[in-house]
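Visitor: Could you take one part of this model and go through it closely, starting from a single position and then working outward to the helices and the contact between the chains?

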Amino acid sequence: MEQAIIIAASAIGASLAIGLAAIGAALGDGVVTSKAIEGMARQPEAKGTILVNMLISVGLIESIPIIAAVIAIVLVFANPFIK
Amino acid sequence: MGHGGGGHEIGGHKLAHFAGLTFNLDTLYMTWLTMAIVIFLAVIATRRAEIVPRGWQAFLEMVVDALLDQIDNNMGPKGRKLAPFIITLFLFLVVGNQLGLVPGFVSPTNDINTTLGLALLVVIIVHVVGMINQGPVRYLKHFFEPYIPFVIINIVEELAKPITLSFRLFGNILAGEILLIILGMLVPYIIPTAWLAFSVFVGVVQAFIFTILTVSYLSNSLKDEHH
């Protein structure tokens, strides 16, 4: 019975983690990319620099959602609470 | 990581025990394979090198030029001494990230040992280069500026650097590989191929981000004017 509760709670926890991480990553990336495209439209000569900085920012912004995804994966596939 | 969900180990490693320590054998094999591939690629590009490059030499020169551009812009004239390290780091990470997409292979960077080792290497180099460049006393004094309580914030930042560096790369690559396996079990043929193509892009981007962050941290420790 206890194992069933742990498994159910881990499943809910993992889905919450990955769902909120997806919202966070999508919102953050959307803001950065929209500003980057705006900048590129205003000054097409700076396209290369803006693109490089945008990719770096996307990678940085996605680091915490990726860690949340790893936690969700660990909860589903390698759950430390299940004997 | 322990037992898998579909009857096979997802995220498990083949272990070898030696002298009381445990090694992940598949990570070690893949790391050696990555090293061999990087050496091979570099040797192919530089044997019978020509002033006007053609073929593979031209492509690798493009990559090296872009990296040297970033190094010059961020690290100033003293950055050239560290350029071989940065370029090797980038090439190792690019090849390592892509190796897991070949069927039958896994990336060496899907193991937290590899990424944490690289991140610790970067952090140690940043501190040592900073101390060599600015003298240990002045370098340590920077942590206490502008006010003494700022040392707490600075120490937390210094602790966060290797953690985020390693976990970003590890999470991206491991999650990508696990998703590839799961998609292959759920919806074979078309969707895993699309995810595979995206994973190629993610591998290059993550390698680039790791390298650019290294350059940025090093630029911090190489500057020597008072700000």
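**From one residue to the chain contact**

Guide: In this predicted model, B:A45 has its place in helix α1 of chain B, which covers residues 25–46. Taking 20 or more neighbours as the mark of a buried residue and 12 or fewer as that of an exposed one, B:A45 counts as partly exposed, because 18 other C-beta atoms lie within 10 Å. Leaving aside residues up to four places away in sequence, B:A45 touches B:W56, B:Q57 and B:L60. With B:L60, the separation is 15 residues in sequence and 6.9 Å in space, taken from C-alpha to C-alpha.

Turning to chain A, helix α1 (residues 2–42) and helix α2 (residues 47–61) pack with their axes 10 Å apart and at an angle of about 170°, which means that α1(A) runs roughly antiparallel to α2(A). On the α1(A) side the contact is made by A:A25, A:G28, A:D29, A:V32, A:T33, A:A36, A:G39 and A:M40, and on the α2(A) side by A:K47, A:I50, A:M54, A:S57, A:V58 and A:I61. By class, eight residues of this contact are nonpolar, four are polar and two are charged.

Helix α2(A) also packs against α7(B), again with a stated axis separation, here 10 Å, and at an angle of about 95°, so α2(A) is roughly perpendicular to α7(B). In this crossing A:L55, A:I56 and A:G59 of α2(A) meet B:V205, B:Q206, B:I209 and B:I212 of α7(B), and the residues involved divide into five nonpolar, two polar and no charged.

As for the contact between the chains as a whole, 13 residues come from chain A and 18 residues from chain B. On the side of chain A that touches chain B, α2 and α3 (63–77) each supply at least two residues, and the largest share, nine residues, comes from α3(A). That side of chain A has eleven nonpolar, two polar and no charged residues.

One residue of chain A that has contacts in both chains is A:A69, which, not counting residues up to four places away in sequence, touches A:I18 and A:A21 as well as B:G171 and B:A175. A:A69 is also among the residues with the most contacts inside the largest nonpolar core, a set of 47 residues, together with A:I18, A:A72, A:I73, B:F90, B:L93 and B:A175. The elements that give two or more residues to this core are α1 and α3 of chain A, and, from chain B, α2 (55–75), α3 (83–99), α4 (112–134), α6 (150–186) and α7 (191–222).

Note on methods
Residues are numbered from 1 along each chain as its sequence is written. Chains are lettered from A and ligands numbered from 1 in the order in which they are written. This is a predicted model: local features need pLDDT of at least 70, side-chain atom pairs count only at pLDDT 80 or more; totals for chains, interfaces and linings use all residues. Axes are lines fitted to C-alpha atoms, for helices over the stretch in contact, and angles run from 0 to 180 degrees between N-to-C directions. Helices (H or I, at least four residues) and strands (E, at least two) are DSSP runs, numbered from the N terminus. Angles under 35 degrees count as roughly parallel, over 145 as roughly antiparallel, 65 to 115 as roughly perpendicular and the rest as oblique. Two residues are in contact if their C-beta atoms, placed from the backbone, lie within 7 Å. Ala, Val, Leu, Ile, Met, Phe, Trp, Tyr, Cys and Pro count as nonpolar, Asp, Glu, Lys and Arg as charged, and the others, Gly among them, as polar. A nonpolar core is a set of buried Ala, Val, Leu, Ile, Met, Phe, Trp, Tyr and Cys residues joined through C-beta atoms within 7 Å.
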